[in-house]
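Subject: Structure for your review

Dear colleague,

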Amino acid sequence: MRRKTHSDITLAFHLHPDVRASLVDEGEGVLLALPDGEIWLFAAEGHPAVLEESIFFAAHSGPRRTEQIVLRLGERAGARVNWSFVRAGHEAGAPAPALS
């Protein structure tokens, strides 16, 4: 008899160290504040998000501490995840983005 192993499915969205993240509505969304003042909202329908520590390795100065958005799907084979990043506005007092 062959034993099948089941693994929990986890999705991680690693963020740049200059992005500030905060949970909204107990993980139903994550607000992302960019250095230029833009605000984005991340959401994954039916899958609450958590923020965890991560490491950014692409900096010339060496590894930097950052965060990642994590979705835990459990053992759901064939799980479908509808996720989105939606522009939510601009921080008050931040410089307006340049028009191109």
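The notes below concern strand pairing and backbone geometry.

Please bear in mind that this is a predicted model.

Strand pairing

Strand β4, residues 38-44, has pairing partners in β3 and in β7. Towards β3, which spans residues 29-33, the arrangement is antiparallel and comprises four bridges. Within this pair, Leu 31 is placed opposite Leu 41 of β4. The two strands form a hairpin with four residues between them, and Gly 37 adopts a positive phi near 95 degrees there.

The pairing of β4 with β7, residues 83-90, is likewise antiparallel and has seven bridges. Here Phe 42 faces a residue of β7, namely Phe 85, which stands opposite.

Most residues other than glycine have a negative phi. Asp 25 is not a glycine, yet its phi is positive, at about 50 degrees. The loop that holds Asp 25 runs between β2, residues 20-24, and β3. Glu 26, also not a glycine, has a positive phi of about 55 degrees, and it too is found in the loop between β2 and β3.

Are these side chains buried or exposed? Asp 25 has a relative accessible area of 59% and is therefore exposed, the cut-off being over 50%. Glu 26 is exposed as well, because its relative accessibility is 82%.

Yours sincerely

Definitions and conventions. Residues are numbered from 1 along each chain as its sequence is written. This is a predicted model: local features need pLDDT of at least 70, side-chain atom pairs count only at pLDDT 80 or more; totals for chains, interfaces and linings use all residues. Side-chain values use heavy atoms; hydrogens and water are left out. Two strands pair if DSSP finds at least two bridges between them. Buried means under 20% relative accessible area, exposed over 50%, partly exposed in between (1.4 Å probe, protein chains only).
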